[in-house]
Amino acid sequence: MKKYRYLPLAALILFLAACATPKIDTEDLKAEIKAARTGHYGQAMYHQEQSEEDLETANEILGHFEKKHYWNINEKQKALDAAKSAARHRLEAEKEMCLWLTEVHGHNHHKKEAIHDTVAYFKTGSAEPFKTKDETISKVGGWLQAHPDATATVTASTDTVGKPEYNQDLSERRAKAMIQRLIANGAKPSQLIAKPIGEVPGADNTPDQENRVAIVITSHPNYRDCPNIK
Amino acid sequence: MSKNKILTACILACFFMMTSPVKADNYFIDKLSQGAANIAFGFIEIPKNMINITSDQNILIGLTWGLIRGVIQGVSRTLVGGVEVITSPIPTNEFTSPAYVWDRFSEDSRYFGLHYPGYWTSYGPLDDGE
């Protein structure tokens, strides 16, 4: 009888082992769930869901206060925390949505519209150009009109003929002359930046047509979706 | 006789559970059913207090203070239930809150807007405020 003492125990262990639920590998399922919320759009959805859940909690507790239910349980802090958390998640959702927006339409942002061109040539001592690239001036003027947040820098210079002070003044007049032409073609004065640099360094008293010019360089601020969201 | 009592209790329980969520237009029926339910099930205040105080404090306080408080609450609910039945033809505000003992199980009961001392401050295991 004694030798069969462990038999019921062994049978019990065998029975329990047979009943044990096999462990199911959930790694693939977890990966799929995670994949559903990857990327900016997925994260926006995630934060939106969290915000809704938090807001539901806050509203539910508000309902308790208004109906005087659960008066013996102080839930105020929980409700406040939930409401703040809802606002945080909402902001995060908005940020992620903006990033997604940039991701999907970023190619429409202005990237290749910068113009860098010599638009006018001057004779020594003159602020009136003898030759201009009217097509470029017209294009820049029209582009500035179409993009009010864009700017253009007009850089005017002189050669080394004459006194440096006179040449500084001359380059200022050359820049102004070009600004007038750009304004006439649609640009606003506030979009135009004059940059009279005076004499271009070189051998003294040497005429050089390459330095008696006005150059226009346009620039557009880096475009950002939702710039007010920080 | 004993079987009849159980049967009656079951029928009454089913009746009250079915009628409680319905917003009755008839004050009389509403108040009468609340009063009858409170007379019949006022004793549930005992486990209610024991469970909630155990959850809020510990099992010892739940079994002692919870029992005492539950008995006081149970007697109160039963008596107030009687008042509800007697005054059922007269429309008034609810005398008990929660109206039925099984409603909002984590909420400490009040009678005529007043509460007893020693109430708990957290949700019990049977009700999380949903």
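This passage describes the fold of two chains, their contact and selected local features in a predicted model.

Chain A contains 6 helices and 5 strands. From the N terminus, its elements follow the order α-α-α-α-β-β-α-β-α-β-β. Chain A has 230 residues, of which 21% count as buried. Among contacts in chain A with a separation of 6 or more, 78% join residues 24 or more positions apart.

Chain B has 4 helices and 2 strands. Its pattern along the sequence is α-α-α-α-β-β. Of its 130 residues, 29% count as buried. Residues 24 or more positions apart make up 61% of the contacts in chain B with a separation of 6 or more.

The two chains touch. Chain A gives 8 residues to the contact, and chain B gives 10 residues. On the side of chain A, these residues comprise 3 nonpolar, 4 polar and 1 charged.

Helix 1 of chain A covers residues 7-19. At 1.5 Å a residue, its 13 residues should span 18 Å. The end C-alpha atoms are 18 Å apart, in agreement with that value. The number of buried residues in helix 1 of chain A is 0, so this helix lies largely in the open.

Helix 3 (residues 39-67) and helix 4 (residues 76-105) of chain A pack together. Their axes are 7 Å apart, and the angle is about 160 degrees. Angles over 145 degrees count as roughly antiparallel, so helix 3 of chain A is roughly antiparallel to helix 4 of chain A. The crossing of the two helices is left-handed. The contact of helix 3 with helix 4 of chain A involves 14 nonpolar, 9 polar and 6 charged residues.

A:Tyr70 sits in the loop between helix 3 and helix 4 of chain A. Its phi is positive, about 50 degrees, although A:Tyr70 is not a glycine. The residue is also buried: 20 other C-beta atoms lie within 10 Å.

Chain B has a helix pair of its own to consider. Helix 3 (residues 45-56) and helix 4 (residues 59-86) of chain B cross at roughly 145 degrees, and their axes come within 7 Å. The crossing of helix 3 and helix 4 of chain B is right-handed. Its contact residues divide into 10 nonpolar, 7 polar and 4 charged.

Helix 6 of chain A spans residues 164-184. With 21 residues, it reaches 30 Å from its first C-alpha to its last. This is close to the 30 Å expected at 1.5 Å a residue. Several residues of helix 6 of chain A are buried, among them A:Asn167, A:Leu170, A:Arg174, A:Met178 and A:Leu182. A:Ser171, A:Ala175, A:Ile179 and A:Arg181 are also buried in this helix. The buried residues of helix 6 pack against four strands and a helix of chain A: strand 1 (116-122), strand 3, strand 4 (192-199), strand 5 (213-219) and helix 5 (134-146). A:Gly186 follows helix 6 of chain A and has a positive phi, near 115 degrees.

Strand 3 of chain A, residues 151-158, includes A:Ala152. A:Ala152 is buried, with 21 other C-beta atoms within 10 Å. Leaving aside residues up to four places away in sequence, A:Ala152 touches A:Val140, A:Leu144, A:Leu182, A:Ala187, A:Gln191, A:Leu192, A:Val216, A:Ile217 and A:Thr218. One of these contacts, A:Leu182, is among the buried residues of helix 6 of chain A. A:Ala152 and A:Ala194 are 42 residues apart in sequence. Their C-alpha atoms are 8.7 Å apart in space.

In chain B, the loop between strand 1 (96-97) and strand 2 (110-111) holds B:Pro98. The peptide bond from B:Ser97 to B:Pro98 is cis, with omega near -5 degrees. B:Arg104 is found in the loop between strand 1 and strand 2 of chain B as well. Phi of B:Arg104 is positive, near 40 degrees, in a residue other than glycine. B:Arg104 is partly exposed, with 19 other C-beta atoms within 10 Å. The cut-off explains this class: a residue counts as buried at 20 or more such atoms, so B:Arg104 with 19 is partly exposed.

How values were computed: Residues are numbered from 1 along each chain as its sequence is written. Chains are lettered from A and ligands numbered from 1 in the order in which they are written. This is a predicted model: local features need pLDDT of at least 70, side-chain atom pairs count only at pLDDT 80 or more; totals for chains, interfaces and linings use all residues. Axes are lines fitted to C-alpha atoms, for helices over the stretch in contact, and angles run from 0 to 180 degrees between N-to-C directions. Angles under 35 degrees count as roughly parallel, over 145 as roughly antiparallel, 65 to 115 as roughly perpendicular and the rest as oblique. A crossing is left-handed if the near helix is turned anticlockwise from the far one by less than a right angle, and right-handed if clockwise. Ala, Val, Leu, Ile, Met, Phe, Trp, Tyr, Cys and Pro count as nonpolar, Asp, Glu, Lys and Arg as charged, and the others, Gly among them, as polar. A residue is buried if 20 or more other C-beta atoms lie within 10 Å of its own, exposed if 12 or fewer, and partly exposed in between; C-beta atoms are placed from the backbone. Two residues are in contact if their C-beta atoms, placed from the backbone, lie within 7 Å. The expected span of a helix is 1.5 Å times one less than its number of residues.
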